[in-house]
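Here is a set of exercises to work through with the model open beside you. Try each task before you read its solution.

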Amino acid sequence: MVPAILLAIVMSAGSLFAQPNNPTSLAGLVLAETPVLDSAPNLAAWRRLHPSERLKAPAYDNEYETQGLWCAASIAEFSLPGDVKATRLAFFYVPAAKPGEALPARQDSGLVRQCRLLALWYEVHDPVNPSGLARSVSTELAASLGSAEEPPRFRRTDGDWGSGYWKPYLVWERANRRTVLAFDPGGNVPDPHARTRLLVIARASPAPRGLSFHWSGDAPKSQPALKERPGITTEELARIARVEKPCAFDDGSNNWQEGLIAFGAKLLRDFPESRWKPWVHLTMARASAARLLLAEPGVDLNGANRPVNPEILRRNAIEYFRLFLDENRETPESGSAWTEAWRLLAGLPPSPIHFACTD
C-alpha cells in the first residue's frame with residue numbers, strides 16, 4: 001500500500017503539469033502551463049499525463065528551438081474563445097550531468113524518456129486581428145507577470161531565427177524564466193502568401209540556446225600549447241597542429257570529416273603516448289559527429305557526400321567522447337562532450353556543428 005503522504009505528494013506533483021481544463025484565453029493557457037518549467041518534469045512523466053499529445057522528433061530547420069539541441073517535442077492543439085486556435089509545443093532537453101556522473105553504459109533509445117522539459121512554445125497561425133490579439137495577450141500576461149520590456153531588434157538575445165523582424169517583441173525576464181510575446185510577419189518584407197504567427201515562448205533559465213560546441217576547427221581551449229619539449233618531436237607537433245585545421249583535409253566538396261578522421265586515427269597509432277592524445281580524441285569525436293550529421297534528412301550537405309555508415313560513425317563518436325571524458329573531467333569542453341555523447345547514446349541526431357569549408 002502506498003503511504004498517504006507519498007500518494008499526496010505524487011498527486012500534487014502531477015497536478016503541477018497536468019493540462020489545464022478549458023482555458024479561457026491564450027494568456028490564461030500560458031499562465032496555467034508555464035509554472036511547470038520550474039519542476040522540469042521528464043518526458044516519461046509528461047507522457048503519462050498527456051498521452052494523447054503527438055511527439056515531434058528533433059529536426060534541423062530554422063524553426064522552433066532551432067539549433068537541434070532538444071530531444072523531443074510534445075504537441076497539443078487548443079481551441080480557445082474568440083475562435084483562436086493555438087498550438088503548443090513542449091520541448092524536452094538532455095538532462096544535465098551531475099558532477100562525476102558517468103555516461104550511460106550502452107546505446108538505448110529509451111534514454112529519451114529522461115529528457116527534461118525546459119521550454120514551452122505557443123503559436124496562433126494567421127490570426128484575424130494580430131495587433132488586437134497581441135494587445136489582449138500582453139495585457140493579461142502583464143497583469144500577472146508585471147511590465148514587459150521591448151528590446152530593439154539588435155539586442156534580442158534569444159537567438160530565435162528571424163526574431164529581428166518580429167514586432168511587437170515583448171519580454172518578461174524573471175530569475176528562473178524568460179517569456180517572449182511576439183508577432184512574426186513571416187519574413188523581412190511584406191508577403192501576402194507568408195504565414196504569419198502570434199508567438200508566446202517561455203523558457204526555463206537552463207534551456208540551451210545557440211551552438212552546441214562553437215567549434216570552428218580551432219584547438220580546444222583546454223589543450224596545452226604546442227611547443228617543443230623533451231621527448232616531443234617536430235613531426236608530432238606538426239601533425240597535432242594539422243588536426244586543428246579541418247579544411248586542410250577538404251577534397252573541394254566539403255568532405256573534410258573523412259580525411260580528418262583517417263588522419264587522426266593514424267596519428268593516434270603513431271603517437272599512442274602523446275600528451276595531446278585526449279584532445280585528438282575530442283577532435284575525432286566531433287569530426288565523427290559532424291560526419292554523422294550529414295546523414296540526417298533536411299541537413300544542407302554543402303556539396304558533401306551523404307555518409308553510408310551512420311551507425312559506425314555514431315559508435316566511433318561515442319567511443320572518442322568516452323575516451324576524452326575518461327581523461328578530462330574538469331575541462332571547459334567536458335560538459336558539452338558529455339551532453340553530446342548522451343545524445344548519441346540515446347539515438348538522437350548529433351547537435352549541429354555550424355562549420356563548413358568555403359573558398
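**Exercise 1.** Is Asn302 buried, partly exposed or exposed, going by its relative accessible area?

*Solution.* Step one: Asn302 has a relative accessible area of 46%, so it is partly exposed. The cut-offs are under 20% for buried, over 50% for exposed and partly exposed in between, with a 1.4 Å probe and protein chains only. Before going further, keep in mind that this is a predicted model, where local features need pLDDT of at least 70, side-chain atom pairs count only at pLDDT 80 or more, and totals for chains, interfaces and linings use all residues. Residues are numbered from 1 along each chain as its sequence is written, and side-chain values use heavy atoms, with hydrogens and water left out.

Step two: find Asn302 in the loop between H7 and H8. Helices (H or I, at least four residues) and strands (E, at least two) are DSSP runs numbered from the N terminus. Step three: check the backbone, where Asn302 has a positive phi of about 50 degrees despite not being a glycine.

With 65% relative accessibility, Asp83 counts as exposed.

**Exercise 2.** Which residues surround Arg291, leaving aside its neighbours within four places in sequence?

*Solution.* Start with the location: Arg291 belongs to helix H7. Next, list its contacts (heavy atoms within 4.5 Å). Beyond the sequence neighbours, Arg291 touches Asn255, Gln257, Glu258, Asn305, Arg306, Pro307 and Leu313. Finally, pick out Glu258, whose side chain makes a polar contact of 3.0 Å with that of Arg291. A polar contact is a pair of N or O atoms within 3.5 Å; within protein, one must be able to donate a hydrogen and the other to accept it, and residues adjacent in sequence count only if both atoms are side-chain atoms.

**Exercise 3.** How many residues of H9 are buried, and what covers them?

*Solution.* Length first: helix H9 (residues 334-345) has twelve residues and reaches 16 Å from its first C-alpha to its last, close to the expected 16 Å. That expected span is 1.5 Å times one less than the number of residues. Now burial: nine of the twelve are buried, so call H9 mostly covered. Among them are Trp338, Trp342, Leu344 and Leu345, along with the charged Glu340 and Arg343. The cover includes strand E2 (70-80), helix H7 (277-293) and helix H8 (310-327). Just past the helix, Gly347 takes a positive phi of about 80 degrees.

Leaving aside neighbours within four places in sequence, Val112 contacts Trp342 itself, plus Leu43, Cys71, Ala72, Ala346 and Leu348.

**Exercise 4.** Follow the chain from H4 through Pro168 to E5, and work out which strand E5 bridges to.

*Solution.* H4 has 16 residues and spans 21 Å, close to the 22 Å expected. Its buried residues include Leu133, Val137, Leu141 and Leu145, and their cover includes helix H2 (26-33), E3, strand E4 (116-125), E5, E6 and strand E7 (197-204).

In the loop between helix H4 (130-145) and strand E5 (169-173) you reach Pro168; the peptide bond from Lys167 to Pro168 is cis, with omega near 0 degrees. Then comes E5, largely enclosed by the rest of the structure because four of its five residues are buried. Five bridges join E5 to strand E6 (residues 177-184), and the two run antiparallel. Strands count as paired if DSSP finds at least two bridges between them. With three residues between them, E5 and E6 form a hairpin, in which Glu173 stands opposite Arg178.
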